[in-house]
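Hello,

Here is the structure I promised to pass on. Please load it first, then read my notes below.

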Amino acid sequence: MGPMLRRFALIEADSSWQFLRAAERMRVSGSRAQMFLHAMDEAHQSSRFHEVARAVDPTSLRRGEAKRQALLTDPNGLGDFLAVVAVADAEKKQDYGVYAKASVDRRATALFESLQREEAEHAAATRELMQSALGSQQQVTASLKRAWRQRLWDGWRRVGADTSDVIASVLIGIVFFLAGPFFARKARARVAPSPLLAPHALPES
Amino acid sequence: MRVLGVSAHFHTAAAALVDNGTVVGAAAEERFTRVKHDPGFPERSIRWLLEERGLRGADLDAVVFYEQPHVKFTRVLASTLSTFPKHHRSFGSAMKRWLGDRLWTTNKLSRLLDVHPDRVGVVVHHRSHAAQAFVGSGFDESAILTLDGVGEWDTTGLGRGRISDGTLDLEILETHRYPDSLGLFYAAFTTFLGFRANSEECSTMALATFGEPKYASVVRQILKVGTDGSYRFDNSWFDFVSLGQAPFTRKLIAALGPPRVPGTPLPFESFRVPGSDTIAPTEDHQRYADIAASAQLVLEEAVLGLANRAARLTGSKRLCLSGGVALNCVATARLLHETPFEDIWIPPDPGDGGAALGAVQHVLGENGLLGPACRSIGPYLGRSYDPGPTLDMLTHMGPGSWSAYRQPGLPPAAPYTLSVERLGDDDDGLVSRVVDDLLAGRIVGWFQGGFEFGPRALGNRSLLAHPARVETALKLSTRVKARAPFRPYAFSIAEADALRAFPQWADGIPYMARWMQVVVPVSEAVHDQVRATLHIDGTTRPQVVSPADNPLYHKLLVAFGQHTGLAALLNTSFNARGEPIVSSPDEALMVFARTDLDTLVLGDAVLRKVYS
């Protein structure tokens, strides 16, 4: 449970980072404020995941790895950025619903239920922002379709990457067990520490 | 000559740019990605360095990586194969990382920057560290010690540097090779004590103060220090391939007892409020502190041995130090009195991040291009920001909504409104308002100019508080930073008052005191004035600030001292729990909004929470 909650914390932290970067790109301070508040909200959700993760599994030191890829690099792409966010919010809402039902820890269940409600609010707020950024409902719909297509393509690529990762692991494993014994002795010799030159300084142990 | 230096893939990736002999900028990638100690490729740091100056890759004369990836790869191969078949998982994940990415780092740099591969070079890891340690010192000649986790194969380097006519003569006299590593030794104990390796070594150092080195004889069997100053590591006690998970063997557990479970409380406090309830440490808690004290003592013995050996071999009266172990400021403090060196210098970022700059300095030194500007390096090399857009944004966003985003676990905040005041060029007005707030016990976020290159907040991204008020420091620990109570704070002090706090420096203030690199006892005469910044043994890690180092911050210290009698302020890094130090005004505002930080100074603007 702990690692999963930490993974969600990372996802929310990444969303916060995305909104902070997006806020920096805004030329109008009102839009910047909206992006900033959204960033704070996502950071808050990340902290809540961390908090419950610490309560559920206080012994884990793993922070997890996060790789950043800013989604909004051009302020003119705000509509598309928001569409990606809306799609991600919708997916998170669905995921949190599933986890709320599946979770056996009441603290985690309460968190997932609460965040599921919040993601629904996020999705509605994001659509409003999209409407004002893009102007027409037609463009909003087109943008959302593009975002869903991108999501599906990213998902497909992830499956491809995961599959190739498994294949690579198997191949490397085969190489390791076939070739490893021949190189192990040489490797041991290379990493073996040499003796201390002046050991008589050692105190009695 | 315009040279870009890059470090990546182990600990705190960074990039640095030197243009015509001047360091124009340097930054750790974590400041842009907000991933603490981000070891990934420093793409954003590189982009900032180039874009802000209107440069493209084609404008660079050379790009240099801080180590040799192909040599490092042989060490990774050897270390995972040496225990065959035990580490098959580590072997698999390492091979995927290396064959898929890291081995081709120079090609990646060439492709990303659109630079011809001939212009992308590498410098040996410990030569990068050695150049980083020596060049910025301003010394013409010096002994050099590089104390690291591990580079390609080398873990420790002992050498001598000379500069004449802009040419660097770097002589590495001796090295220690993997697995004889002081950095990995200390990181492994850090993991044993339930902290994160390569990240929370400062917690091990702080915990050591609460213990006695009762296990020193065991630890001396692990790290054997000889009379000649050399050392050897016995790797039957630890398993470095598993560093970060459980790198200790049964032999170690049999000798020291079970390791501490991460996240379990450690009831030690660096300061106590009279009458407050404290939990008495159990036998196990005390055992952890004693183990920390033992590891710290043996590390100090090894560092002292190496430094004295360096003095003997080089005959130099000066020492330059780098590598992550140089951040152990309790160990470096002993160098001041227990070695023959008269001057000791550590760069602002002695770790792997700083080695990006070291690699550039090495290349320039080889080409006889080390001018005076490259020989005097300060810490304020990071990006600076215009706070204007953030302040404009505030007109569209009242603080009313902020309470919804408060850090979980904090008690509800008292209701407040926000006052914003811009002072323009009126530095005196700005300083006077901040001093008033500090005197009133408020915690101030101080955001000025470019962010610091290196792990310390030195007056450009700092949280400041009254150094005598323990209750303010406790508030800072519990309601802003969520910091473990056994970790002490430190203070900045104006140069003119430094001797009152540190009379032992009557012959001269050491270089290491400029950037919080040494832990030293504070004169009892001023204890009451800096009570909240003292560790339990009456020591602190000071920053002695001169007007030349940081004029505005110095002015603030002096103005504060006019009211309290000592120009000192509690200074800690401006960040929230688990996050890197803030870099942009929006990030600073977020910490301000989500915690009990009372005042935020963004350039010339003072933002105050006015409590009702």
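A salt bridge here is a side-chain nitrogen of Lys or Arg within 4 Å of a carboxyl oxygen of Asp or Glu. By that criterion the structure holds 46 salt bridges over all chains. Please keep in mind that this is a predicted model.

**Salt bridges across the chains**

Three salt bridges are counted between chain A and chain B. One of the salt bridges in the structure pairs the side chains of Arg21(A) and Glu587(B), at 2.9 Å, N to O. This pair crosses between chains: Arg21(A) sits in helix α1 of chain A, and Glu587(B) sits in helix α19 (residues 585-594) of chain B. Another salt bridge brings together the side chains of Asp165(A) and Lys96(B), at 3.3 Å, N to O. As background, side chains of opposite charge can pair when their charged atoms come close.

**The interface**

How much area do chain A and chain B bury between them? The figure is about 5200 Å², with 65% of it on carbon and sulfur atoms. Chain A puts 55 residues into the contact, and chain B puts in 68 residues. There are also 13 residue pairs in polar contact between chain A and chain B, counting pairs with both residues at pLDDT 80 or more.

On the side of chain A that touches chain B, α1 (2-25), α2 (29-56) and α5 (137-191) of chain A each supply at least two residues. The largest share comes from α2(A), with 15 residues. By type, that side of chain A divides into 30 nonpolar, 12 polar and 13 charged residues.

The lining of the second largest pocket splits into 13 nonpolar, five polar and 15 charged residues.

**The cavity**

There is one cavity of 30 Å³ or more in the structure. The largest cavity has a volume of about 70 Å³. Which residues line the largest cavity? They are Gln132(B), Gly136(B), Trp345(B), Pro347(B), Pro348(B), Asp349(B), Gly354(B), Leu357(B), Gln361(B), Ile377(B) and Phe453(B). Helix α13 (residues 352-366) of chain B gives the largest share of this lining, three residues. The lining of the largest cavity divides into six nonpolar, four polar and one charged.

**Backbone points to check**

Most residues other than glycine have a negative phi, and most peptide bonds are trans.

- Pro85(B) is in the loop between α3 (69-81) and α4 (88-100) of chain B.
- Pro179(B) lies in the loop between β8 (167-177) and α7 (182-192) of chain B.
- His9(B) is in the loop between β1 (2-7) and β2 (14-19) of chain B.

Over to you.

Best wishes

Key
Residues numbered from 1 in each chain as written. Chains lettered and ligands numbered in written order. Heavy atoms only, no water. 1 Å grid on protein atoms, 1.4 Å probe; cavity = no way out; pocket = protein on both sides within 12 Å on 5 of 7 lines; lining within 4 Å. Points joined across faces, edges and corners; volume = space filled by probe spheres on them. Helix = DSSP H or I, 4+ residues; strand = E, 2+ residues; numbered from the N terminus. Nonpolar A, V, L, I, M, F, W, Y, C, P; charged D, E, K, R; others polar. Contact = heavy atoms within 4.5 Å. Buried area = accessible area lost by both parts, 1.4 Å probe. Polar contact = N/O pair within 3.5 Å; in protein donor to acceptor, adjacent residues only side chain to side chain.
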